[in-house]
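Hi,

Here is the structure I promised to pass on to you. Have a look at it first, and then read on for my notes.

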Amino acid sequence: MTKVTTTVVLSPATQQPLFEIPCATSNEIDTAVQQAQEGFNSWRQVPISERVDIIKKFCSLFEQKKEKVGETIVSQMGRPVRYAAGEVNGVLERANYMISVAEESLADEVIEITDNFKRYLRKEPLGPVVIIAAWNYPYLTMVNNVVPALLAGNSVLLKQSPQTPKCADLFVETFHEAGVPKQVIQVMHTDDKGADYLVQHPGIHYVSFTGSIAIGKVIRKAVGNSEHSLSIGLGMELGGKDPAYVLPDCDLDFAVENIIDGAFFNTGQCCCSIERCYVHVDVYEEFLQKATAITQNYKLGDPNDPETTIGPMAHVRFADKVRAQLSEAVLKGAKLLVQTDRYFPKDKDGTTYVAPQIVVDVTHDMSIMQEETFGPILAVVPVKSDQEAIKFMNDSKYGLTASIWTKDVDKAIEIGNQIECGTFFMNRCDYIDPALAWVGAKESGLGFSLSKHGFDQFIRPKSYHLRLKQQ
């Protein structure tokens, strides 16, 4: 008899156990994959127009669950209650866009129709796919891939982070209520051993992962070592160390406000949060004054308190990592501008509560400038020229997003053409546009999601070349 293991979920706010989730055994995974194959065999036959209607119904039902969604986010990952239900809006924006382009994107692509030839591409679904989502935006990291996978005709085995498993339960329950058959989308709660077994399973045709580089490499290696590796596709969104560049011609108040929000929202636990900020020397000191003033006005506290504007980190090990980066930076000569003990007394070692911080006098040999922080920390560096800014912005193994703050559109595009990233922003940041591909350069990703091309990872083109006359 296979031993059943469990995952204990701890409250970010208290570090006390919330609940336990049983992890699927290898036999249960085998059964789920078999059911997914059976579900796929019928789901792929459902006309795309009907699939669209079902996913539209999912959107309607999900919108009615704002309060429940907010509760799962507050309790399991610690986002302040004042912001938690807002994730529903993001889910609907992305899902509705993918719905709006589904029929066009998944239609046959006709190359030629003449008296003697008919040539076209048919976009066939892959089969059962595994989608592994992240805890920091649990519903957004699910919708990015679950909706296009289902619309394309695949069946889905959905694994959420062990920090936010009940978010997946609520998400999948809503699809079932909308009419997606239970075999077509299933939740898989597994431990690391079970996840390794799942992604190598011969019945799986594609694995989508959102998370860290370290775990991404483990998954890629596991898939590569599978006896069936050549038949398993792989897509990954692996985070960033995203830079901003502030030019002296910008509206500085606007830039500071948005950059600080882009750095600290969700306690900095966002793959596209701004972690490095390069500011032209002409406005550097003024930028720091304004940024520090805004930062000191955040309220660090219990995520259930409506007054809280920055909550705990999702787990104490994440907080420990942030503190370690700060300590190393200070030892190497960096300076912290925010007096934590004065403005944020709840920030104490060994807790999940980490104060927002502005760090200066940093250099690129510090881990805080090279490794993803994933916390409420913004490092600010003065630069004398565009070329110096470009050099620093590209000095990273990551390449998810970058932003520039200026009134000069031509200069923004000129600089954007030289930045190694997946998304380049002008005068905004920390936003995913569902009509544009969500893609990372360098080690920030493999493949992409969203946009009308976001279906491509979940389909296999099949070419039809028909000679109509036998002569």
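Predicted model: local features only at pLDDT ≥ 70, side-chain atom pairs only at ≥ 80, totals over all residues.

Residues are numbered from 1 along each chain as its sequence is written, and side-chain values use heavy atoms, with hydrogens and water left out.

Back to Cys 277, which sits in strand β11. Helices (H or I, at least four residues) and strands (E, at least two) are DSSP runs, numbered from the N terminus. Leaving aside neighbours within four places in sequence, Cys 277 is in contact with Ala 244, Val 246, Ile 259, Phe 287, Leu 378, Ala 379, Val 380 and Val 381 (contact means heavy atoms within 4.5 Å). Seven strands form an open sheet with mixed pairing, in the order β12-β13-β14-β11-β10-β15-β16 (two strands pair if DSSP finds at least two bridges between them). The edges are β12 (335-336) and β16 (423-426), and each has a single partner strand, so one side of each is left without a neighbour in the sheet.

Strand β14 (residues 377-383) is mostly covered, as six of its seven residues are buried. On one side, β14 pairs with strand β11 (residues 274-280) in the parallel sense over five bridges. Tyr 278 has Val 381 of β14 as its bridge partner, and His 280 has Val 383. Strand β13 (residues 357-360) also pairs with β14 in the parallel sense, over three bridges, and there Gln 357 stands opposite Ile 377.

Which strands of the sheet does α11 touch? Helix α11 packs on the sheet against β10 (242-246), β11, β13 and β14, and its direction makes about 155 degrees with that of β13. Helix α16 (residues 409-416) packs on the sheet too, touching β10, β15 (401-405) and β16, with its direction at about 160 degrees to that of β16. Axes here are lines fitted to C-alpha atoms, for helices over the stretch in contact, and angles run from 0 to 180 degrees between N-to-C directions.

There are helix pairs to look at as well. Helix α10 (residues 252-264) and helix α11 (residues 284-296) pack at an angle of about 50 degrees, with their axes 10 Å apart. That makes α10 oblique to α11 (angles under 35 degrees count as roughly parallel, over 145 as roughly antiparallel, 65 to 115 as roughly perpendicular and the rest as oblique). Their crossing is right-handed, a term used if the near helix is turned clockwise from the far one by less than a right angle, with anticlockwise being left-handed. From α10, the contact is made by Leu 252, Asp 253, Val 256, Glu 257, Ile 259, Ile 260 and Phe 264, and from α11 by Glu 286, Phe 287, Lys 290, Ala 291, Ile 294 and Thr 295. These residues of the contact divide into eight nonpolar, one polar and four charged (Ala, Val, Leu, Ile, Met, Phe, Trp, Tyr, Cys and Pro count as nonpolar, Asp, Glu, Lys and Arg as charged, and the others, Gly among them, as polar).

Helix α1 (residues 26-43) packs with helix α8 (residues 192-199) at an angle of about 35 degrees, their axes being 10 Å apart. The crossing of α1 and α8 is right-handed. Ser 26, Ile 29, Asp 30 and Val 33 of α1 meet Gly 194, Tyr 197 and Leu 198 of α8 in the contact, which by class has four nonpolar, two polar and one charged residues.

Elsewhere, five of the five residues of strand β6 (residues 155-159) are buried, so β6 is largely enclosed by the rest of the structure. Ser 155, Leu 157 and Lys 159 point one way from β6, and Val 156 and Leu 158 the other way. Strand β5 (residues 128-132) pairs with β6 in the parallel sense over five bridges, with Ile 132 opposite Lys 159.

Last, a three-stranded open sheet runs in the order β3-β4-β20, with antiparallel pairing. β3 and β20 (459-467) are at the edges, each with a single partner strand, so one side of each is left without a neighbour in the sheet. Strand β3 (residues 109-113) and strand β4 (residues 117-125) are joined by four bridges and form a hairpin with three residues between them. Glu 112 has Arg 119 of β4 as its bridge partner, and Glu 109 stands opposite Leu 121.

Cheers

Conventions
Buried < 20%, exposed > 50% of the residue type's maximum accessible area, 1.4 Å probe, protein only.
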